[in-house]
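Biologist: I have a model open on my screen and would like to learn how to read it. Could you walk me through it, one feature at a time?

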Amino acid sequence: VCSSSSHASRLSFPMSSSASAATDRVLDAAEHLFMERGYAGTRLRDIAAVLDIKHTSLYHHAPGGKKELWDRVLERALCRHRDQIEALAQDVPPLQPQLQAVATWLLSQPAMNVVAITGLLYVYVLRPVAALFQAARERGEIGKDAPDLLAGMFVASINALIPAHTAGELPRPVDDVTDDIIAVLIQGAHG
């Protein structure tokens, strides 16, 4: 289970229990504002105002400033998601009900307002990949008329490989793994 102290040790931010509680309050306030306003719309002064502290006091909890708070808030939120997904995956075998339980839980969560990131991802990555799927459909290579969905599946699948690939921990050559991903997507898109 994720906790502030487990994050602290992974991110090299050691904290005492009282500092940890104070840092949790800072992270809670930052998370609320980042979700509500996004990264660009949130200032350190806004976070400090919610906490009724001076904005310079935030540097005690996050010496790297707003960027560090953003990274820690995002990691903490994703850690909660990971923990819940892992718990749900243990409860309901086989795959289809497991995936349905995960999808239901994810859809029940408040949306994280990462508009800038999501918007940029869509414009600069998903849209061009979707165009590839759309062109393939127009050429008769695939039958599914869902280019955005297929692009999202492709990008998410490839993105999921990055940590293992970077660490040299893929069980097979990366080209073999990506060929399999592409083959599965194209086969599924024929229907």
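Modeller: Here is a short tour, from the overall fold to single residues. Keep in mind that this is a predicted model.

Biologist: Let's begin with the fold. How many helices and strands does the protein chain have?

Modeller: The protein chain has nine helices and zero strands. Read from the N terminus, the order is α-α-α-α-α-α-α-α-α. Of the 191 residues, 31% count as buried. Among contacts with a separation of 6 or more, 54% are between residues 24 or more positions apart.

Biologist: Now a helix pair. How do α8 and α9 cross?

Modeller: Two packed helices are described by the angle between their axes and the distance between the axes. For α8 and α9, the axes come within 11 Å and cross at roughly 165°. Angles over 145 degrees count as roughly antiparallel, so α8 is roughly antiparallel to α9. The crossing is right-handed.

Biologist: Which residues of the two helices meet?

Modeller: From α8 come Leu 150, Met 153, Phe 154, Ser 157, Ile 158, Leu 161 and His 165, and they meet Val 174, Val 177, Thr 178, Ile 181, Ile 182, Leu 185 and Ala 189 of α9. By class, that contact has eleven nonpolar, three polar and no charged residues. As for the spacing within a helix, an α-helix has 3.6 residues a turn, so residues three or four places apart point the same way.

Biologist: Thr 178 is in that list. Is Thr 178 buried or exposed?

Modeller: Thr 178, in helix α9, has a relative accessible area of 17%. Buried means under 20%, so Thr 178 counts as buried. Beyond its neighbours within four places in sequence, Thr 178 is in contact with Ile 158 and Leu 161.

Biologist: Can we do one more buried residue? Where is Leu 69, and what is it in contact with?

Modeller: Leu 69 sits in helix α5 (residues 65–91) and is buried, with a relative accessible area of 1%. Leaving aside neighbours within four places in sequence, Leu 69 is in contact with Val 26, Leu 27, Phe 34, Leu 44, Ile 47 and Ala 62. Glu 31 is 38 residues away along the chain, yet its C-alpha atom is separated from that of Leu 69 by 8.5 Å.

Biologist: Last one: which residue follows α3?

Modeller: Helix α3 (residues 44–51) has Leu 44, Asp 46, Ile 47 and Ala 48 buried. Asp 52 follows α3 and lies in the loop between α3 and α4 (58–61). Although Asp 52 is not a glycine, its phi is positive, about 60°. At 71% relative accessibility, Asp 52 counts as exposed.

Technical notes: Residues numbered from 1 in each chain as written. Predicted model: local features only at pLDDT ≥ 70, side-chain atom pairs only at ≥ 80, totals over all residues. Heavy atoms only, no water. Axes fitted to C-alpha atoms, helices over the stretch in contact; angles between N-to-C directions. Helix = DSSP H or I, 4+ residues; strand = E, 2+ residues; numbered from the N terminus. Parallel < 35°, antiparallel > 145°, perpendicular 65-115°, else oblique. Left-handed = near helix turned anticlockwise from the far one by under 90°. Contact = heavy atoms within 4.5 Å. Nonpolar A, V, L, I, M, F, W, Y, C, P; charged D, E, K, R; others polar. Buried < 20%, exposed > 50% of the residue type's maximum accessible area, 1.4 Å probe, protein only.
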